[in-house]
Amino acid sequence: MSTIKTRSKESNGVVTVKALIKHPMETGQRKDKKTGDLIPAHYIQEVHSKANGKDVITIYWGPAVSKNPYLTFKYKGNKGDNLEISWVDNQGNRDSKTSTVK
Amino acid sequence: MFKQLLLIAFLIPSISAVASPERDYDEFVSYFENRFPDTPFEDYKNGVYSIDKSAREQWEAMEEFPPYELNVDRGEELFNRPFKNGNTYGSCFENDGIGIRQNYPYFDTEKNKVVTLEGALNDCRVKNGEKPLSYFKGKELAHVSAYMAYTSRGNKFNIQIPNTKEALDAYEDGRRLYFTKKGQLNFSCADCHVYQTGTKLRADIPSPAIGHPTHFPVYRSGMGRLVTLHERFAGCLNRIRAKSFKGGSDELNNLEFFTTFMSNGLEVNGPGSRK
Amino acid sequence: MNRRNFIKNSMLFAGSLVAIPSLIVSKKAYAAWPKKSFDIKDLTESVSSVYGHSNLEESSKVKLKAPEIAENGAIVPINVSTTLDNVESIMIFVENNPQPLSSGYKLTSLSEPSIGTRLKMGKTSNVMAAVKSGDKVYTSTQEVKVTIGGCGG
C-alpha cells in the first residue's frame, strides 16, 4: 500500500492538492523510554510534485514537521491532470504516487 | 447558581435507589442543555469541540485530512484479512460487520454481561481459533474498531437496557463508577466531565459527559496513534492516580454501557482526531 | 568520574564511532536539501543562511494562519498564503524550536502561493512565514502558545 494519500480538486483553474504521508518523522532528539537511547533521526527531507510531467512545487522538510505529515498546496491546472507526488527521507527511503485531479 | 445546584443534587447517585436509566438520561441531557445553551444536542458527538471554539478551529484544520485515515485503511485491511481458518471478522457480525458500531455495547441476556465492540471482536477471534488482542497501544483491535466505526458514521446510538436485574445492575455499576471519587486526587469522572466541564483543568477544558464514546477509537496526535475507549478510561484513571482496570474488564465494560447510554441519540463519528 | 561511568561513556563513544560512516553516506545522497540551513539554531543566522541576508519586511500581504494557543505542540496546523506576485519561495521559521527553519516551499510558475502543513513546536514561540518575491523577503509573524495540558491520559 502506498504511504501517500492524496486528494486533489480543481476549481476555477486552480487545483488544491492535499496529501497525507505515513512516516514517523523522528527528530533524532527523542529518547527511547525503555533503553534511554536516542531514537535515530528519520524524517522526510524532500517532497516533489509534478503535474503532467511539469514541476509544480519542491518542498524541503526538517524534523519539525509532524508525524504522518500533511501538506497542501495549489497550482494552476485542470481536471484530469496527472499529478505525481514523491518523497525521499534522510535514510534514503522513497515513495511516489500518481493520481488524477478531480 | 441555585438551579445548577439543584441539578447537581439530582445527579448525585444514591446507591440504594432503584436504577432508572431513562430518568438519568433525561436529567443528564437537560443538565447539559442548561450548562451550554449554545451547543445543539447533535453537536455533542464532537466532544470538547462542541464547547471550545478555538480548539474546534484546529480540529477542523485536522479534519481536512485527518491523520486517522491511514489507520482506517489499515483497519480495513485487517478487517478483511482471513483468520487461519479462512473466516474474517465480518463473519461474526450482522451485516458482515458494516455499519453496526451504534449497536455496541449491548447487554447479552444469556451471558449476563455487557458486550462491547472490542469485546465482540475478541470473542470472534477466540471462536475462530485466534488469540484475543490487547485493547491498549493502538494495535489491531483499535484499527479494526476504527474501521468499523468509520463504516457506521451517521448512524445513531440507541443503546437498550433489557429490563432484567442483571442488566440494570450492570448499568448501575457503570453509573456508580462514573460518580464515585477515586484515586489520590479524589476525582470522579463526573467531577471533571459533568460538574467542571467547560472550565479549565490546568490548560485543558474537560469535555462534556454526553457524546464521550461516540467518536472512539480516537487518533491522539500527542501519542501519534489510536486509543480505544478503554485505554482512554484507563488513562483518565491513571491521571487521577487511581487503580485502573484492564481493557475488557467488567468495570470498564459497564462504564462504557453507562456512558454510551447517556449518548443515545447522537451519531457515530469515530474514529475521531484528538490532541 | 567513577569506573562505572567511565565504562558506560567509553561504550557510548564506541557506539558513535559505528554510527558515523552511515551518516556520511546519507549526507552525500541529497545535495539539494539545504542541510546547513536546517541545522542552524539561531533565527537570524537561519534566515541569513536561506536568503544570503537578513533584511525582512513585515507585510500584510503575507497571510499566516496559525492558532493562538496550540491544542497540541506535536501537531500545529499552519497555513501561509500571499497576494504578492512572482513568489519564488515560502519558508516557515519557528523561533524557539531547536532549529528554527521548519520547512521550505520552492514554487514554480505553475504554483499558486498558498501552502499548509502541520508542525511540531517544543514551546511557545513566534512563528514567522517568509515569502520571497523578486529580490525581497516579506514576512508575517505570530505567536503560538504551547501549553501543557492537564489530562494527557
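Biologist: Which residue is the bridge partner of C:Val62 in strand 4 of chain C?

Modeller: The bridge partner of C:Val62 is C:Thr82. This is a predicted model, in which local features need pLDDT of at least 70 and side-chain atom pairs count only at pLDDT 80 or more, while totals for chains, interfaces and linings use all residues. Residues are numbered from 1 along each chain as its sequence is written, with chains lettered from A and ligands numbered from 1 in the order in which they are written.

Biologist: Why is strand 2 of chain C called an edge strand?

Modeller: Strand 2 (62-65) of chain C pairs on one side only, as does strand 1 (4-11) of chain A. The open sheet runs 1(A)-2(A)-5(A)-7(C)-4(C)-2(C), with antiparallel pairing.

Biologist: Why is helix 6 of chain B called mostly covered?

Modeller: A residue is buried if 20 or more other C-beta atoms, placed from the backbone, lie within 10 Å of its own. In helix 6 (residues 140-150) of chain B, 10 of the 11 residues are buried, among them B:Leu141 and B:Tyr150; therefore each of these two reaches the cut-off of 20.

Key
Buried ≥ 20, exposed ≤ 12 C-beta atoms within 10 Å, placed from the backbone. Helix = DSSP H or I, 4+ residues; strand = E, 2+ residues; numbered from the N terminus. Pairing = 2+ DSSP bridges.
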